[in-house]
Protein chains: 2
Amino acid sequence: MTQLPAILSRLDADLDASLTRLCSWLEIPSISTDSAYAADSRRGFTAGLRETPGHPIVLGHRPKPGAPHVLFYGHYDVQPVDPLELWDTKPFEPVVKEIEPGRKVIVARGACDDKGQVMTFVEAMRATLAETGDLPIGVTVMVEGEEESGSLNLPAFVRENAEELKADFALVCDTGMWDRQTPAITASLRGMVYQEVTITCADRDLHSGLFGGAAANPVHVLAKIVAALHDEDGRITLPGFYDGVEEPTNQQKADWADLNLTEEEFLGQIGLKHSVGEKGRMLIEQIQSRPTCDVNGIWGGYTGEGTKTVIAGKASAKVSFRLVGNQDPDTIATAFQAFVREQLPADVTAQFIAHGASPAIAVPVDSPALRKAQVALTEEWGRKAVTIGSGGSVPVVGDFKRLLGMDTLLVGFGLDDDRVHSPNEKYDLSSFHKGQRSWARILQALATKGA
Amino acid sequence: MTQLPAILSRLDADLDASLTRLCSWLEIPSISTDSAYAADSRRGFTAGLRETPGHPIVLGHRPKPGAPHVLFYGHYDVQPVDPLELWDTKPFEPVVKEIEPGRKVIVARGACDDKGQVMTFVEAMRATLAETGDLPIGVTVMVEGEEESGSLNLPAFVRENAEELKADFALVCDTGMWDRQTPAITASLRGMVYQEVTITCADRDLHSGLFGGAAANPVHVLAKIVAALHDEDGRITLPGFYDGVEEPTNQQKADWADLNLTEEEFLGQIGLKHSVGEKGRMLIEQIQSRPTCDVNGIWGGYTGEGTKTVIAGKASAKVSFRLVGNQDPDTIATAFQAFVREQLPADVTAQFIAHGASPAIAVPVDSPALRKAQVALTEEWGRKAVTIGSGGSVPVVGDFKRLLGMDTLLVGFGLDDDRVHSPNEKYDLSSFHKGQRSWARILQALATKGA
């Protein structure tokens, strides 16, 4: 631990260089594939590309006999960039901008999710190695390329390489802080069911002047189904949907109340003022610990400029459910399909594409590793690190638990206004810099003895 | 009239040549603009292009002092061709196909709507001129290029050129037959209100894992609005929507019953069996004389392959209403906007684009011209020509009445399975050929004296 001040000083001095390294990575448009990147911090690592049926996985090991060993997970793929016209700068030409006095951000697709986050850990290792010639614990780094498309090939890879990947616990840097000043450890993650549904009526597109008034319109059918997914209180109407959802304890409610998250503060940043979530639930509960349903996309008929008096033959929607507690993804996928089919008029059919189904995950909130990380984060940020639930999904955490019996520690430096998955995604320079420093502290802390 | 047999024989002999002329026209992709076409039957016509603020109008005159004068109207623009992948052949490379033994069709965008239909009239004039050196009546031909986008510039053109365009009555060939054996004169046309609505929630696209459960989703809002447009009986729910809609007389109901249009027959051709129209109304009433509402297009969020866990900032729909009787288009457009706004949650806004509003139109069913045309059609087809209502809109008919005080005679040879506005649009060769012969008969009939 006595070497920590030198490591932190080195991170401070090296910030510009680390930023250059991050930008080089951000310039790679790894939306769907990117085998160009290989872990750039190879010193002492046996690292390389590992093929999967999809995009390859970057994997590197640096064992340290007698010390704890961690598996660090991140992903190099990024979300699609459309709608491109809403970007102020090009998504794969990273720029550093001062968005308010003293607050600089890195703008690019992947700046936060997940390249910027991954690099906080890589830079912490780099500085530690440079300063001390060693890492305090053994580390395996695994960076995959399919997280944004459901990590379809990862479970098989983990299963087939269980011996090689098994560690004392996993570290994931793909989550957020509580706010810009308050670090956080994520202790629960929502699961997900993602379904695509196509409603088919006539066997072709129709002229509304000829068939309007008689022929079923798939946009109308689909709209009725979407409208029926929530009741007037914002609850999801699928039969059995809330099975396995636990009510919060009074202590949990009190903790949430302490955080005092207001609609004005949380939604104000995106131009809204009022939550449309479940009535009778606190905002923080709605976004962190309750299951949700959102239509992520809808399309059908004529969508170009001007007019076309068409009744479409088909209309489609992408519908996702965020799961919590013990909700069963397969049961919910089945319930959704039944829900749709029950609402189809005569003649009308529905086809489904299943885009993935993963359960919610809770990580232990009382592990020694979590407590050590909490102390390290609190020291770096000068504010007590809080444990939070996340609305998002990181399916790999469930894979690690199920396939390797391994828990995960989720520490990340994203902010709610990072625009991840949106145009003008950014990562605060303070997240990037203090994130590096946080990991340097955590690496040292995890090497210490004691529970 | 004694020259009619020779004219008809000439049309028979000239069919292949006329088909070649039609195909040359169909090869011009006049979706949005086409100033290349000029009336190809100039003999004795003073013809040329007339500019408008939009696409030019082809206008030709062949006066005949002492005889009746008619204004023939058609349009050279066609509907967009998407989705292109559903076309069996290229939309602007016309082909003649035998779709069942003895039944040939011309396949191309515009084959029916409206190039094929226009050419039935042009070829009838051509043969009459070739055979007799003259036309039996005076004719003005006007072919515009903006019908499929609402004829925005036509009313001003008609108003500014009223003296030049005024005729005893207008002829329009842009409607259909009752069925493949039974010719029809269209005696009423539905009007139209076409609105595009965009729902805006957050000021950007959001990550559903961060904001799902709290942030308003414009796809959900839009779906609820679309779902609310019809009640469970298929009636449109806009307040006051049915004001000005008259109930049919008992005679009208009896006439409809005689036509015996079944759901199986009418909807069977498009792969459906059941009407979803207004309960308690006959099918023919639903499609011809009742007002309707159809969403012609809807879009929002991620619509590409795979998944994106996004909550869109905006979602849009194109919504059209077909009007009948004395429904007022402006009142209905206003009612629609109010209906949308009333259903918006807090924070959520709606923006509208008005794509046009035209009232329904009825043409006199007892005019001498209509009766003469009815006799001529009956002679050509060997079945009594029926008078029908049309679900479609031909706004120019209203312009002629309002601006020139001129009635219109609507005769066309389209069939319900012509796939107008859809992929693989076609025109039966029998429509094309017997359509020419029909117009040759009508031209002669209109020259005769007597009511």
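Where in chain A is Asp114(A) found? Asp114(A) is found in the loop between β5 (103-107) and α3 (115-132) of chain A, and the first point below takes up that loop; the model under discussion is a predicted one.

1. The loop and its peptide bond. In chain A, a cis peptide bond joins Asp113(A) and Asp114(A), with an omega of about 5°. Chain B has a cis peptide bond between Asp113(B) and Asp114(B), where omega is again about 5°, and Asp114(B) has its place in the loop between β5 (103-107) and α3 (115-132) of chain B. As background for reading these values, most residues other than glycine have a negative phi, and most peptide bonds are trans. A further backbone detail concerns Asn424(A), a residue other than glycine whose phi is positive, near 65°; Asn424(A) lies in the loop between β17 (408-411) and β18 (426-428) of chain A.

2. Relation of the two chains. Chain B can be laid on chain A with an RMSD of 0.1 Å, by a turn of 180° and a shift of 0.0 Å along the axis. The two copies are thus related as by a two-fold rotation axis. Of the interface residues of chain B, 100% are also interface residues in chain A, so the copies meet through the same surface.

3. Make-up of the interface. The contact between the chains involves 78 residues of chain B and 78 residues of chain A. On the side of chain B that touches chain A, at least two residues each are supplied by β10 (206-207), α6 (208-211), α7, α10 (283-288), β11 (292-301), β12 (310-311) and β13 (314-323) of chain B. The largest share of that side, 9 residues, comes from β11(B). Sorted by class, the side of chain B that touches chain A has 31 nonpolar, 34 polar and 13 charged residues.

4. Which strands make up the open sheet, and in what order? There are 8 strands, in the order β14(A)-β9(A)-β13(A)-β11(A)-β11(B)-β13(B)-β9(B)-β14(B), and the pairing is antiparallel. The edge strands, each of which pairs on one side only, are β14 (349-358) of chain A and β14 (349-358) of chain B. On average, and with direction ignored, neighbouring strands of this sheet are turned by 20° against each other.

5. Within chain B, strand β9 (residues 191-200) pairs with β13(B) in the antiparallel sense over 10 bridges, where the bridge partner of Thr198(B) in β13(B) is Ser316(B).

6. Helices lying across the strands. Helix α11 (residues 329-342) of chain A lies across β9 (191-200), β13 (314-323) and β14 of chain A, and runs at about 165° to β14(A). In chain B, helix α11 (residues 329-342) lies across β9, β13 and β14 of that chain, and runs at about 165° to β14(B).

7. The helix pair between the chains. Helix α7 (residues 218-228) of chain A and helix α7 (residues 218-228) of chain B have axes that come within 8 Å and cross at roughly 120°. That angle makes α7(A) oblique to α7(B), and the crossing of α7(A) and α7(B) is left-handed. From α7(A) the contact draws on Val219(A), His220(A), Ala223(A), Lys224(A), Val226(A) and Ala227(A), and from α7(B) on Val219(B), His220(B), Ala223(B), Lys224(B), Val226(B) and Ala227(B). By class, the contact of α7(A) with α7(B) has 8 nonpolar, 2 polar and 2 charged residues.

8. A helix pair inside chain B. The axes of α3(B) and helix α14 (residues 429-446) of chain B come within 8 Å and cross at roughly 55°. The helices α3(B) and α14(B) are therefore oblique to each other, and α3(B) passes α14(B) in a right-handed crossing. The contact is made on α3(B) by Gly116(B), Thr120(B), Phe121(B), Glu123(B), Ala124(B), Ala127(B) and Thr128(B), and on α14(B) by Phe432(B), Gly435(B), Gln436(B), Trp439(B), Ala440(B) and Leu443(B). The residues of this contact of α3(B) with α14(B) divide into 7 nonpolar, 5 polar and 1 charged.

Key
Residues are numbered from 1 along each chain as its sequence is written. Chains are lettered from A and ligands numbered from 1 in the order in which they are written. This is a predicted model: local features need pLDDT of at least 70, side-chain atom pairs count only at pLDDT 80 or more; totals for chains, interfaces and linings use all residues. Copies are superposed by least squares on the C-alpha atoms of residues with pLDDT of at least 70 in both. Two residues are in contact if their C-beta atoms, placed from the backbone, lie within 7 Å. Axes are lines fitted to C-alpha atoms, for helices over the stretch in contact, and angles run from 0 to 180 degrees between N-to-C directions. Helices (H or I, at least four residues) and strands (E, at least two) are DSSP runs, numbered from the N terminus. Angles under 35 degrees count as roughly parallel, over 145 as roughly antiparallel, 65 to 115 as roughly perpendicular and the rest as oblique. A crossing is left-handed if the near helix is turned anticlockwise from the far one by less than a right angle, and right-handed if clockwise. Ala, Val, Leu, Ile, Met, Phe, Trp, Tyr, Cys and Pro count as nonpolar, Asp, Glu, Lys and Arg as charged, and the others, Gly among them, as polar. Two strands pair if DSSP finds at least two bridges between them.
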